[in-house]
Structure formats: structure tokens, C-alpha cells
Amino acid sequence: MGSVNGILSAHRKHPLLSFGVISDVQYADIPDGRSFLGVPRYYRHSFLVLQRAVQKWNQQKHKFVLNFGDIVDGFCPKEQSLSSVKKLVDEFDRFEGPVYHMIGNHCLYNLPRDELLPLLRIPGHDGCAYYDFSPIPEFRFVILDCYDISAIGWPEGHPNTLKALKFLGEKNPNSDKNSPDGLVGLERRFLKFNGAVGNEQLKWLDDVLQEATKYKQKVILCSHLPLDPHASSNEALLWNYNEVLDVIYRYNCVKVCLAGHDHKGGHSIDSHGIHHRVLEAALESPPGTNSFGYIDAFDDRMSLYGTDRMKSTDMVFS
């Protein structure tokens with residue numbers, strides 16, 4: 001049997017579930033550019049990556065697709081924000097099955113939450129974008145809203161904006177709150193382009209994990225921002241990743257945490273045996289190459305099969 005990026009593609013049994021994954025498409029109808037660190041970004045090509053992904057996912061007949069956020073780039077001209085998001089959503093909708101979206105910072109640079117969430121068909125709570133679904137009885141997918149407490153996306157005087165600005169004022173002394181200058185180690189996550197999970201969402205997460213435990217479900221936690229420093233740059237982490245992990249560690253049901261945002265990708269296994277897999281960005285695939293994949297879920301593991309920039313990863317549950 002053939003192998004895909006180094007994993008044997010022949011597991012001895014059929015997967016219980018398979019689904020497509022992509023992150024950080026960050027499309028914009030502008031010339032190529034570079035990240036703050038000088039990594040090339042291919043703003044128009046990323047749309048072609050998504051097109052090829054959808055074609056592939058349809059051929060492979062996956063049950064659903066997860067998009068890990070940042071559907072369009074912050075450099076997208078503002079008068080094109082709405083049409084660009086619609087163009088990308090339309091392309092995702094060519095997939096012959098459900099697509100579950102997450103919001104990222106770049107999405108929120110383009111559109112406020114009240115416009116964005118309906119476009120992405122996110123079943124939110126009071127403007128929040130966290131939700132869960134169970135495609136088969138054995139698995140539950142939990143989608144976090146990492147910009148619940150955030151200085152972007154909410155109206156100016158909103159309590160969540162004010163909370164975030166106060167927090168950033170205490171944690172980041174720089175006048176540019178997206179600059180980590182002078183911040184050391186894990187403090188470097190206290191940047192404006194990150195955010196936090198609020199108390200109500202933490203309570204909701206606890207309830208969902210309690211219920212999943214009762215039904216003996218394995219949980220896959222999905223978020224735009226990474227939760228484990230060993231899988232991500234310090235600058236990309238959720239502000240209160242430790243509080244989220246504290247909730248997760250009360251239970252044994254969470255097996256894998258998937259995230260985007262940190263474009264280079266990463267993989268770690270934490271002290272509780274949970275896999276953290278940060279997905280490589282579609283945006284940084286040079287012309288003619290890709291960065292998307294699909295995951296086969298079994299009762300004892302998940303196998304990510306990636307294309308080109310997205311590395312394949314076998315994640316055996318502890």
C-alpha cells in the first residue's frame with residue numbers, strides 16, 4: 001500500500017470518521033507579501049489551495065470539513081472585506097457536506113462579529129462563536145471562541161473589549177500592543193492579535209466535557225489559537241491557555257487539540273497524553289503547492305494525512 005507523507009495509508013481497519021482540515025487561508029486580492037518575520041505570503045494563491053482542497057475532499061467523500069479560521073487576510077482592502085469573505089464561504093460550500101468554521105483575528109479585522117458569524121453560519125451564544133457537535137456517537141467536536149475576550153471584533157465600548165484592553169495594558173507595556181518587545185518567554189503571548197476564553201465559555205466547556213464523559217465520547221478540541229507552548233510559538237498562544245487546560249485536565253475525554261494561527265505548524269503531546277497539533281497555514285504554500293489535509297479517526301488514534309506543507313501526523317490516544 002502507498003504511504004502519504006510517510007504514514008502508511010493502510011490502517012488495518014476502516015476509520016470511524018474522516019474529515020477535511022485547512023487553516024489560515026488568509027485570502028486577499030493583493031500582490032504577494034511577507035510576514036513580520038519575512039516569511040513569504042501568497043495572498044491570491046491561497047484561494048487556489050482552497051479550491052484544490054475542496055475538490056480533493058469531495059473525491060475522498062469526507063463527512064465534514066473544519067476550517068480553523070483566518071479566512072481572509074487583514075490586508076484585504078476594507079471595501080472588499082464582505083465580498084472576499086463571501087467568495088471564500090462560497091468556495092467552502094462547494095464541499096458536499098457540512099463545513100464548520102472558526103473565527104480568527106484576521107476575520108475580525110475585516111468584519112465585526114455580528115456580520116461575520118451569520119456569514120460563517122456559526123451557531124453562537126450572544127455573539128460568541130463557541131459550539132460543539134457530535135457527527136457520530138463516539139466523538140464530540142468542541143469549537144472554542146478564542147476571541148471571546150478580545151480587543152478586536154466587538155463594538156468599541158463592549159465589556160469584552162474593555163476587559164481585553166485593560167488586560168493588555170497590564171501585561172504589555174509597549175505602545176504597539178501587537179509588539180512583544182521586552183516580553184519574555186510565555187509573556188510574549190500578551191498581544192492584541194490573540195485573545196482569551198471568557199468565564200462563561202470556560203463554564204460551558206466544563207459542562208460539555210462532563211456530558212461527553214457521561215456518554216463515553218472522545219473529544220476533539222478545536223480552536224484558532226494553540227493551547228500548548230510545546231506545539232506553538234509563545235507569540236501565538238491563547239492568553240489564558242492554562243485556564244482552558246485546567247478544565248480539560250479535570251476529565252479524560254479530550255484526546256486531541258487542533259489549532260491554527262501559528263503558520264509554521266507544530267505537534268506535541270502534553271503531560272496528560274493529549275496531542276496538540278497546530279496546522280500549517282494555506283497562505284504560506286508557494287504557487288503550485290498546497291497545505292490542507294484530512295483526518296481519519298479510529299477508536300485508538302487519529303491520523304492526519306497532509307499535502308505538501310502540511311505534515312502527516314499519527315496521534316495515538318494515551
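The questions and answers below treat these topics in turn.

Reader: On what basis are local features and side-chain atom pairs reported in this predicted model?
Author: This is a predicted model, in which local features need pLDDT of at least 70 and totals for chains, interfaces and linings use all residues, while side-chain atom pairs count only at pLDDT 80 or more. Residues are numbered from 1 along each chain as its sequence is written, and side-chain values use heavy atoms, with hydrogens and water left out.

Reader: What is the strand order of the open sheet that contains β8, and which strands are its edges?
Author: Helices (H or I, at least four residues) and strands (E, at least two) are DSSP runs, numbered from the N terminus, and two strands pair if DSSP finds at least two bridges between them. This open sheet has six strands with mixed pairing, in the order β8-β9-β10-β11-β13-β12. Two of its strands pair on one side only and are therefore its edges under the pairing definition: β8 (131-136) and β12 (266-269).

Reader: What angle does the direction of helix α6 make with that of β9?
Author: Axes are lines fitted to C-alpha atoms, for helices over the stretch in contact, and angles run from 0 to 180 degrees between N-to-C directions. Helix α6 (residues 199-214) packs on the sheet and touches β8, β9 (139-143), β10 and β11, where contact means heavy atoms within 4.5 Å. The direction of α6 makes with that of β9 an angle of about 175°.

Reader: Which residue of β11 stands opposite Leu221?
Author: Strands of a sheet pair through backbone hydrogen bonds, either parallel or antiparallel. Strand β10 (residues 218-223) and strand β11 (residues 254-259) run parallel and are joined by five bridges. Ser223 stands opposite Ala259 in β11, and the residue opposite Leu221 is Cys257.

Reader: How many of the six residues of β10 are buried?
Author: Five bridges also join β10 to β9, and these two strands run parallel; Phe139 stands opposite Lys218 in β10. A residue is buried under 20% relative accessible area, exposed over 50% and partly exposed in between (1.4 Å probe, protein chains only). Strand β10 is largely enclosed by the rest of the structure, because the number of its six residues that are buried is five.

Reader: Which residue of β6 is the bridge partner of Val21?
Author: Strand β3 (residues 17-22) runs parallel to strand β6 (residues 64-67), and four bridges join them. Within β6, the bridge partner of Val21 is Leu66.

Reader: Is Asn110 buried or exposed?
Author: Asn110 lies in helix α3 (residues 105-110) and touches Val72, Asp73, Gly74, Cys76, Lys78 and Ser81, not counting residues up to four places away in sequence. Asn110 and Lys78 are 32 residues apart in sequence and 6.5 Å apart in space, C-alpha to C-alpha. Because its relative accessibility is 8%, Asn110 counts as buried.

Reader: With which residues is Asn58 in contact, leaving aside its neighbours within four places in sequence?
Author: Asn58 belongs to helix α1. Its relative accessibility is 15%, so Asn58 counts as buried. Apart from neighbours within four places in sequence, its contacts are Arg94, Phe95 and Glu96.

Reader: Is Leu37 buried or exposed?
Author: Leu37 is placed in the loop between β4 (33-34) and β5 (40-41). Because its relative accessibility is 75%, Leu37 counts as exposed.
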